[in-house]
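Hello,

Here is the structure I said I would pass on. My notes on it follow below.

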Amino acid sequence: MKKHLSYLATAALIASPALAEDLTVTSFGGAYGAAQMEHMIEPYMKESGTNVLFEDYGGGVAEMKAQVEAGNILWDVVDIEVIDLERACAEGYLEVIDQSVLPDGDDGTAAADDFIEDALANECGVGNIVWSVVFAVNTENGEGPKTIEDFFDTEKFPGKRGLRKRPQVNMEWALLADGVPKEEIYEVLATEEGQKRAFAKLDTIKDDITWYDSWSQAPVLLNDGGATMVQSANGRIFAAIKDDGAPFEIVWDSHVYDLDVWAIMKGTKKKDLAMEFIKFATGTVPLSGMQDVAYGPTRNSAQALLPDEVKQDLPTAHLDEGVKADGIFWADYGESLGEKFNEWLLQ
């Protein structure tokens, strides 16, 4: 909450009170939001004169769905994980974006060629970052788990496991830990038998799970002893190590990587202004700034600006160790698995 208030305070200091229009941009807060504030929000406000109100949310589509169905649109632009994007777009919570108006890269490369694969794959979004869900340990606790199998081994590695309270990634991890090959994860998870298998594996650590809702809580749990190992967006742990000197270690084994995109809320009255923000925020230099929290930029021209030593901390340096999140799978199965997951939590 303090971070959220600081965003608004910063916005108020930079923007003139005489400005007629505000733009509400919603993202994930924490170190991630701070990097967006520095490299995207603040420069955009200075250049455009538009006042940006920067809000936090915990991800998913529930809040978008509620706004659209109530006809009460509170957000204009939203940062959404691609694992949720397919569903949000298909169900009409987001506007279709004209990707042809995106500016060229600073090196002159046309946007369609400058953006990496998948960054423009969905008509409702423009790629913002490449990121990953990893798990991390506090090295002050001694030798920690090194594999996803270790993460599920409560005898060898006792203690609480911090997990985000949603089926995405947890279901994939459960099957990986149970021996399903990476290339077969979503094929297996699409079956009733595979889903039961995933929940059965989660049952083995259920009593040792500390659930949380927002990525910003992950490093806090690891730092204060609320968990001995945590699932986390990689940038959250990187920022804690880099900025706070936290004794954390990222484990890349079985990480689930994906993209985030900027999207426009369906029904916003500021669609044109929202698009102007997205065009700015997905430019070469703003995207390169996300190196601050170890998230990879979605433009090749932005990647070219990164030092070699920084690239080693990005998910793109560890793709062979991970699994690409399947947004289409979660668009098809997200609602039903969400219901089953909530039922499982209550058992």
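**What was found**

In the protein chain, 76% of the contacts between residues at least 6 apart in sequence join residues at least 24 apart. Please keep in mind that this is a predicted model.

**The chain as a whole**

The secondary structure of the protein chain amounts to 16 helices and ten strands. Its radius of gyration is 20 Å, close to the 20 Å that the globule rule gives for 347 residues, so the chain is as compact as a globular protein of that length. As for burial, 54% of the 347 residues count as buried.

**Helix 16 and its partners**

Two packed helices are described by the angle between their axes and the distance between the axes. Helix 16 covers residues 327–346, and helix 4 covers residues 82–90. These two pack at an angle of about 65°, their axes being 7 Å apart, and their crossing is right-handed. On the helix 4 side the contact involves Val 82, Ile 83, Glu 86 and Arg 87; on the helix 16 side it involves Gly 327, Ile 328, Trp 330, Ala 331 and Glu 335. Sorted by class, the residues of this contact are five nonpolar, one polar and three charged.

Helix 9 (residues 192–203) also packs with helix 16, here at an angle of about 35° and with the axes 12 Å apart. This crossing, too, is right-handed. Helix 9 contributes Glu 192, Gln 195, Phe 199, Leu 202 and Asp 203 to the contact, and helix 16 contributes Tyr 333, Leu 337, Lys 340, Phe 341 and Trp 344. The classes in the contact of helix 9 with helix 16 are six nonpolar, one polar and three charged.

How many disulfides does the structure hold? There is one, and it joins Cys 89 to Cys 124 with an S to S distance of 2.1 Å. The torsion about the S-S bond is about 60°, so the disulfide is right-handed. Are the two cysteines buried or exposed? Both Cys 89 and Cys 124 are buried.

**Helix 11**

Helix 11 runs over residues 234–244, and its buried residues are Asn 234, Gly 235, Arg 236, Ile 237, Phe 238, Ala 239 and Ala 240. What do these buried residues pack against? Their partners are helix 2 (30–48), strand 4, helix 10 (217–224), strand 7 (229–233) and strand 8 (248–264). Just after helix 11 comes Gly 245, which takes a positive phi of about 70°.

**Lys 156**

Lys 156 is found in the loop between helix 6 (148–151) and strand 5 (161–164). Why does Lys 156 count as exposed? Exposed means over 50% relative accessible area, and Lys 156 has a relative accessibility of 55%, so it counts as exposed. Between the C-alpha atoms of Lys 156 and Gly 71 the separation is 52 Å, and the two residues are 85 residues apart along the chain.

Regards

Definitions and conventions
Residues are numbered from 1 along each chain as its sequence is written. This is a predicted model: local features need pLDDT of at least 70, side-chain atom pairs count only at pLDDT 80 or more; totals for chains, interfaces and linings use all residues. Side-chain values use heavy atoms; hydrogens and water are left out. Axes are lines fitted to C-alpha atoms, for helices over the stretch in contact, and angles run from 0 to 180 degrees between N-to-C directions. Helices (H or I, at least four residues) and strands (E, at least two) are DSSP runs, numbered from the N terminus. A crossing is left-handed if the near helix is turned anticlockwise from the far one by less than a right angle, and right-handed if clockwise. Contact means heavy atoms within 4.5 Å. Ala, Val, Leu, Ile, Met, Phe, Trp, Tyr, Cys and Pro count as nonpolar, Asp, Glu, Lys and Arg as charged, and the others, Gly among them, as polar. Buried means under 20% relative accessible area, exposed over 50%, partly exposed in between (1.4 Å probe, protein chains only). A disulfide is a pair of cysteine sulfur atoms within 2.5 Å. The radius of gyration is taken over C-alpha atoms; the globule rule is 2.2 Å times the number of residues to the power 0.38.
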